[in-house]
Amino acid sequence: MDLKDWFAKRRERRERENLEVKQLLPTEDYCALWKRCFQCRELLYTRDLRSNLQVCPHCQYHFCIGAPDRIEQLCDPGTFEEIDAEMRSSDPLEFIDTESYRKRQVAAEKKSGVVEAIMTGTCKMNGHLTALGVMDFAFFGGSMGSVVGEKVARLVERAIELSCPLIIISSSGGARMQEGILSLMQLAKTSSALKSYYETGNLYISILSEPTFGGVTASFAMLGDIIIAEPGARVGFAGRRVIEQTIRQKLPADFQTAEYLLKHGQVDMVIHRNELKDMLTKLFEFHQKKNSDKDKTLVPSSSLSSSKKAGGK
Amino acid sequence: MAEVKRQVPLEFEKPLSVLAQQIDNLEAQLQEQPDLEPELRHLKEQYTSLRKSLYSNLRPIDRLAIARHPERPYTRDYFERWDSQWIELHGDRHGTDDSAMVGGLLDLGNDLKVIAVGTQKGRNIKEKQSCNFGMPQPEGYAKALRLFKHAEKFGLPIVTLIDTPGAYPGLAAEEHNQAQAIAINLLELSGLTVPVVAVVTGEGGSGGALAIGVANRILMLEHSVYSVISPEGCASILWRSADKVSDAAQSMKITAREILELGVIDGIITEPLGGAHKDPEATAKAAKAAIVSQLSELVKLSGSEVRHDRQHKFRSMGKWRDQ
Ligand SMILES: [Zn+2]
């Protein structure tokens, strides 16, 4: 909501207050305007937060963001073409816990504004054709079921067809329990698709955002040629609580944070959200294939060193 | 009746062991009171029919208990029965030999030499601790991968046995990148040109099981289970209650028959009545026969066909709707 709307709403409210019994601003409207930073507890005006890519201007806390926002931040305007937009989960196990999976799906759509835990498509990033997948934690905790697995596999296949770089931005609690063993098999499906992609020699960059765990880290998220994490993002295989219960000891405060992962050799870099697009562009350009494989074989090996020099100029 | 008493009865088997106890008492008195004979015969008949009905009406939670039975045959028990001369290979070559993952060279006879790899649980406290209760560390998955690559290099088929609660959730395991250790195995297994047959022999616990389970053919023992998360974990997350384990086991469809119906596995290996632990010898024999039968088909395919077959298998898993 922009400032103009906000003033209009306030004016409306004041008029209403004059006519009616004094009424508080509904909680929803209030929350839509202001958000408290999870880290520094500062109250932030949502419009400022949005223009700052959902990063707290005071402490640089990176808020978990939805797939549509992320796509808007990264893609050149109007270039994102979604694929498989209509694919939705079925209910292969007819799963019921305290509520049926079907009902939970409807609620998740309402809550998140997206229809599944990942959006996939092609786009341009500073002019570079890219296959892009973005997970959305708001939908079922970003969990991977059949749809996420299938969409990732198809995205990887599209990247193979187009011979273009692949980016997947993860944010997930793990595999989706409501689809049982079929969810587990998506780990194999997505990893297997990446095996074929690896052989094309194109670049896969995996971006880990708050939070990424379980089946998603144990498959495509940890298989990037280059792995980037967002500052403060928590990433791991098992959850902190499960580990604490298992080993019966306190874990370090920064355990499983992006910075901790960097220290332990699991990610290549931790990049601030407002520098992400630039970094991706640099990485694309560095890895861009100058010649096709066919051309390469035509270059006599003796002239390789000089041609390399020319290429590097 | 000795077998029932010797082995730890499971919760659902208690009525059976009560009956067995009565039969034993009567048998002891039989010498002095021959007129007890008809009653004894009656009890024995009751025992047989109760046993049959108990084991043919197992709930998922009962199968889970059988799959976790402390006397269930473990990976080494199979390897030793299949090839008493098998040669164990050790280590990840980076400083660790994870005992929760064992592997080596097995001659299955009829010119079928394989690399066999499996998760290993321990029988007694000391063994359990050294095998970390069957939960591999990242180093264990690296050890398995090293053996898979050995198989690929020498054109040997791979047999994997799965019996693990899951990958170990620990501090060092996270620091050493448990997630990536599993992911890299999924990726590399999918690209192998040698045939892979996986058998879930006990517990197939999530990603830690799948990390050695990306196979051309997947089989499950009749009472084994395979799930995306342990029923305990599922109950505590979705029901927020530790008492709902049975409901979680039911809802997740973790049994061999249900998973076969979902199209994830290729076959079920029948167990002796009451479970594999009642007759490990027969179980090992049945498992070997099933594996050999699958492998003898797969070895007829070319390397690229084998790889394509495996990738296609996993590519087609999943259900969704387009609308
Ligand atoms: Zn802040």
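**Reading the interface between chain A and chain B**

Q: Which strands pair across the two chains in this predicted model, and how do they run?

A: Strand S4 of chain A is joined by three bridges to strand S9 of chain B, residues 320–322, and the two run antiparallel. Within this pairing, A:Ser89 lies opposite B:Trp320 of S9(B).

Q: How many residues does each chain bring to the contact, and what area do the chains bury between them?

A: Chain A contributes 60 residues and chain B contributes 49 residues, and together they bury about 4,700 Å², of which 66% is on carbon and sulfur atoms. On the side of chain A, the residues that lose the most area to chain B are A:Met177, A:Ile181 and A:Phe237, which together account for 15% of what that side buries.

Q: How many salt bridges and polar contacts link chain A and chain B?

A: A salt bridge is counted when a side-chain nitrogen of Lys or Arg is within 4 Å of a carboxyl oxygen of Asp or Glu, and between these chains the count is four. One of them joins the side chains of B:Arg315 and A:Glu157, at 2.6 Å from N to O.

Q: Which elements of chain A give two or more residues to the side that touches chain B?

A: They are strand S4 (87–89) and helices H5 (101–112), H6 (146–162), H7 (180–198) and H9 (240–247) of chain A, with H7(A) supplying the largest share, 16 residues. By residue class, this side of chain A divides into 29 nonpolar, 20 polar and eleven charged residues.

How values were computed:
Residues are numbered from 1 along each chain as its sequence is written. Chains are lettered from A and ligands numbered from 1 in the order in which they are written. This is a predicted model: local features need pLDDT of at least 70, side-chain atom pairs count only at pLDDT 80 or more; totals for chains, interfaces and linings use all residues. Side-chain values use heavy atoms; hydrogens and water are left out. Contact means heavy atoms within 4.5 Å. Buried area is the accessible area (1.4 Å probe) that two parts lose on being put together, summed over both. Helices (H or I, at least four residues) and strands (E, at least two) are DSSP runs, numbered from the N terminus. Ala, Val, Leu, Ile, Met, Phe, Trp, Tyr, Cys and Pro count as nonpolar, Asp, Glu, Lys and Arg as charged, and the others, Gly among them, as polar. Two strands pair if DSSP finds at least two bridges between them.
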